[in-house]
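This report covers a ligand site and a sheet with its helices. Please look over the sequence and the structure before reading on.

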Amino acid sequence: MEIQRRPETMERITTKELADKFIAEQVSEIQKQVGTNKVLLALSGGVDSSVVAALLIKAIGKQLVCVHVNHGLMRKNESEDVVRIFGEELDANLIYVDATDRFLDLLAGVAEPEKKRKIIGAEFINVFADEARKLEGVTFLAQGTIYPDILESIKQAEGKQAVKSHHNVGGLPEDLQFELCEPLKFLYKDEVRVVGEALGLPHAMVYRQPFPGPGLGVRCLGAITRDRLHALREADAILREEFDICGLSEKVWQYFIAVPDIKSVGVKNESRYEGWPAIIRAVNTKDAMTATVEEIPYAVLHKIVARITNEVEGINRVLMDLTPKPVGTIEWE
Ligand code: XMP
C-alpha cells in the first residue's frame, strides 16, 4: 500500500484560528466520508485517540462508537477519567470494557519484555475485536494515527528496524474489515494538542505526558504480579501529584515509576520489612529518540521518597535512574 506524505503546502497549525479552520475542514471531510455509517474507535485516553474522539463526536455525534479497553495496566484513575470526560461530559457513545483479569491472567509468570509486549498487543486486539463483532453496521475504524507514525512506517518500509515493538490497533482479524478514518494523519504532536484544546478538551488531557500502549505492564518489570502492580500504580500517582504541585510536570517531558522484581531488606516499626524499590525516571526529549535526565531538586525528591515509602505498601526504597538515552531507553522494557 502506498504511504501518503503530508502535503508540502499544508500550513503548520500553531494557533486556535488555524486549529478551528482545520477542525471545520475535517468535520466536513469526515461527514462526507462516513455518510450515515457508524465509526468505531479504540479510545485509550491518550492525546491522539482523545482528539480523534472529540473531532468525530463533533462531526458525527452518536454515529461514533468508542470502545475503551481497560487492560488493567492503566495509571491511577485513568479509565475513570475517560468514562467521565467522554461518557458523561461529552455524552459519547462509549463502551467500557474492564478486561483486567483477561490480561493479568495471560501475563502471569511471563517475564520476558518482548513477550509481554506481544501478549498485551495481541490481547488488546482480541478484546477490541470481540466488542467490534457485537456491533452492527460499523463500516469505519477511526485511528489516532499521527504523522510521526507514518514517518516511522516509511522508515520500516525502507528496512530500518525498530528497537521495541510499539503497539496500536493494527492487525485486526480478517473477518473484521473496516475502511480507515485517520483525520490526524498529517499532524505533528504539537498540532494535535492545539487542535485538542480548540475542541475544548481539558488542558491536562491534551498536554498529558506520553504513556506507552502496554501501559504499566512495561514498568512492572519482569513477571507482573497484582500486588507489585498495585504498588507501582500508587507510587506513580504520588510522583505525578508531587510533580504537579511543584510545577515540574510542565518542565519534564516524561516521568514515571518502574518497579523491578527485586526485594531488599528494610526496617519499619522496628521490624524487618522486605520490599521492592521504586525507580524514578524523569527525562526530557524532543523526539523520544534521545533523552536527557532532568535534575530534580533534592527537597522534591525527599518528599517523594517519604511519601512513597510511608504510603505505598510493599515499597521500602526509592531510587533514581540517571541514565540518558542512549544508552538506556526511556522505558525499562
Ligand atoms: P523508549 O523506551 O523506546 O520509548 O525509549 C520512547 C517513547 O515511546 C514510548 N513507548 C511507547 N509508546 N506504544 C506507545 O505508544 C508502545 O508500545 C511504547 N513503548 C514505549 C515511551 O513511553 C517513550 O515515550
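## Terms and model

In what follows, Ala, Val, Leu, Ile, Met, Phe, Trp, Tyr, Cys and Pro count as nonpolar, Asp, Glu, Lys and Arg count as charged, and the others, Gly among them, count as polar. The model is predicted.

## Surroundings of the ligand

The ligand is surrounded by 15 residues, and Lys164, Gln254, Lys325, Ile330 and Glu331 are the closest. By type, the shell around the ligand holds six nonpolar, five polar and four charged residues.

A polar side-chain atom of Glu331 is 2.5 Å from a ligand oxygen atom, and a backbone N or O atom of Ile330 is 2.8 Å from an oxygen atom of the ligand. At Gly213, a backbone N or O atom lies 3.1 Å from a nitrogen atom of the ligand. The ligand taken alone exposes 500 Å², of which the protein buries 86%.

## The sheet

An open sheet is formed by five strands with parallel pairing, in the order β3-β2-β1-β4-β5. Its edge strands, β3 (93–98) and β5 (179–181), each pair on one side only. From one strand to the next, the twist averages 30°.

Within the sheet, β1 (residues 38–42) pairs with β4 (residues 138–142) over four bridges, in the parallel sense. Leu40 is opposite Leu141 in β4.

## Helices on the sheet

Helix α3 (residues 78–89) packs on the sheet and touches β2 (64–70) and β3; the direction of α3 makes about 165° with that of β3. Helix α5 (residues 113–134) lies across β1, β2, β3 and β4, and runs at about 155° to β1.

Terms used: Residues are numbered from 1 along each chain as its sequence is written. This is a predicted model: local features need pLDDT of at least 70, side-chain atom pairs count only at pLDDT 80 or more; totals for chains, interfaces and linings use all residues. Side-chain values use heavy atoms; hydrogens and water are left out. A residue is near a molecule or strand if one of its heavy atoms lies within 4 Å of it. A polar contact is a pair of N or O atoms within 3.5 Å; within protein, one must be able to donate a hydrogen and the other to accept it, and residues adjacent in sequence count only if both atoms are side-chain atoms. Accessible areas come from the Shrake-Rupley method with a 1.4 Å probe; for residues, only the protein chains shown count as cover. Two strands pair if DSSP finds at least two bridges between them. Helices (H or I, at least four residues) and strands (E, at least two) are DSSP runs, numbered from the N terminus. Axes are lines fitted to C-alpha atoms, for helices over the stretch in contact, and angles run from 0 to 180 degrees between N-to-C directions. Contact means heavy atoms within 4.5 Å.
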